[in-house]
Amino acid sequence: MSATPVLIAEATPVLTAEGAPVEVPAPDPTIAPRWSEQLFTAFIVVTPIAALAWAAQHFWHHGIGWFDLSLAIVLYAITGHGIALGFHRLFTHRSFKAHRWLRIALAVSGSMAVEGSLIGWVSNHRRHHVYSDQPGDPHSPLSFGQGFLPQLRGLGHAHMGWLFSGTQSNPEKWSRDLLADPDMVMVSKLVPVWMALSLLVPFGLGWAVTQSITGALLALLWAGGVRIALLHHVTWSINSLAHMFGERPYKSNDHSGNIAWLAVFSFGESWHNTHHAFPALARHGCDAGQIDSSARLLRIFETMGWASKVRWPTPDQLASRRILATP
C-alpha cells in the first residue's frame, strides 16, 4: 500500500465519468458556532478519548476481562455497521432499499455510534461528495497548502478540527428525502436518547452479569467510552488519512485512497478511492481479497428478503474507471 501524501497546489476541477465539467451549487456558508454547540461537541469528542486514556493508564498491567471485551466488540460491530451500512450506504447514497424495520434499526444503531444525528451526518457527507477535496468540502485535509506543517494541519482539520469549525450543511438542501420520512425525522430528533442508550446498555448489562457496581462501571468504560472513542477515530480516519494516503486504482474526482489495514475496523469503508469512483455502489471492497463486512451483511439481508434493489458492482463498471492493475 502506498503511503505517499498527496501534494496539490490548487483545486482540481470536478468532472463526470466522461470528463465533462460538473456545475456544482454554491457552498453552504460557514457560521460561527454557538458556545453551547462547541461545548457539546467537545463533550462528545473528548469524553471517549479521556476514557481511553484513563483505561490505558489504570488497566495496562491488568488487561481486560472477557465479558467487557466481548461486549465492546459486539457493540462496536452493531454501531459501526449502523454507520457504514446504514448512515452511509443506505441513507446517504441509497445503494439499496430496505424494509421499514431495517431502516429504523440501522438508523438507531448508527445513532448509537455517537456521531451526531442521522440527518446531520447524511447532509455533511452528501456535501462532502459534491465538493470532495474542493472549496466547500466540510473536511478535506488538502485545503491548507503544501509542505509538512500545512498538511499536518490539514490532517488535524479533516480528522477532528472541522467539527468545531461551524460547518453548516443545510438539510433542506442536502437531505430533503430524509426530512420527508417521519421515521428518520423522529430518529434524528431522539439522538440524545440513542447516545444515552449507547452508554446505558453496557452499564446495565455489566450490572446484570456481574451483580456489582464495579462490573457495571468497567463495562461502561470498555464497551461504552473506549468503544465509542475507537469508532470515532476510525470513522474520522476515513476523512483524514484516506484523503491523503492510500492506493488509487480507480479514477475519481478527488484524492481519495484505499487503505487496506483500516478495512476490518471500518467495516469496508476504507476502500475509499473505490467508493469515490463509484459512490452509489453498495460494495466498497470490490477487488479480490478486499474485506468489506458491510457488503457481506447486506448480502445476508438481501437473501433474507429484507433488502432489495442492491447496487452491486459489475465487471464492466469497474473496468470503466480502473487505472491500476490489481494483483
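The structure is a predicted model, in which local features need pLDDT of at least 70, side-chain atom pairs count only at pLDDT 80 or more, and totals for chains, interfaces and linings use all residues. Residues are numbered from 1 along each chain as its sequence is written, and side-chain values use heavy atoms, with hydrogens and water left out.

**Figure 1. Overview of the protein.** The protein contains 14 helices and 2 strands, taken as DSSP runs (helices H or I, at least four residues; strands E, at least two) and numbered from the N terminus. Of its 327 residues, 49% are buried (under 20% relative accessible area; exposed is over 50%, partly exposed in between; 1.4 Å probe, protein chains only). Among contacts (heavy atoms within 4.5 Å) between residues at least 6 apart in sequence, 74% join residues at least 24 apart. Carbon and sulfur atoms account for 67% of an accessible surface of about 15,900 Å², computed by the Shrake-Rupley method with a 1.4 Å probe.

**Figure 2. Packing of helix α2 (residues 66-92) against helix α9 (residues 191-210).** The two axes come within 11 Å and cross at roughly 150 degrees; axes are lines fitted to C-alpha atoms over the stretch in contact, and angles run from 0 to 180 degrees between N-to-C directions. This angle makes α2 roughly antiparallel to α9 (over 145 degrees; under 35 is roughly parallel, 65 to 115 roughly perpendicular and the rest oblique). Phe 67, Leu 71 and Leu 75 of α2 meet Val 201, Pro 202, Leu 205, Gly 206 and Val 209 of α9. These residues comprise 7 nonpolar, 1 polar and no charged (Ala, Val, Leu, Ile, Met, Phe, Trp, Tyr, Cys and Pro count as nonpolar; Asp, Glu, Lys and Arg as charged; the others, Gly among them, as polar).

**Figure 3. Packing of α2 with helix α4 (residues 118-130).** Here the axes come within 10 Å and cross at roughly 65 degrees, in a right-handed crossing. From α2, the contact involves Ile 83, Phe 87, His 88, Phe 91 and Thr 92; from α4, Leu 118, Trp 121, Val 122, His 125, Arg 126 and His 129 take part. The contact has 6 nonpolar, 4 polar and 1 charged residues.

**Figure 4. Packing of helix α5 (residues 148-159) with α10.** The axes lie 8 Å apart at an angle of about 130 degrees, and α5 and α10 are therefore oblique to each other. Their crossing is right-handed. Leu 155, Ala 158 and His 159 in α5 meet His 233, Trp 236, Ser 237, Asn 239 and Ser 240 in α10. By class, the residues divide into 3 nonpolar, 5 polar and no charged.

**Figure 5. Loop residues Arg 94, Phe 267 and Asn 253.** Arg 94, in the loop between α2 and β1 (97-98), has a positive phi of about 50 degrees although it is not a glycine; at 49% relative accessibility, Arg 94 is partly exposed. Phe 267, in the loop between α11 and α12 (272-277), has a positive phi near 60 degrees and is buried, with a relative accessible area of 6%. Asn 253 is in the loop between α10 (213-240) and α11 (263-266) and is partly exposed at 27% relative accessibility. The C-alpha atoms of Asn 253 and Tyr 131, 122 residues apart along the chain, are separated by 9.4 Å.

Notes
A crossing is left-handed if the near helix is turned anticlockwise from the far one by less than a right angle, and right-handed if clockwise.
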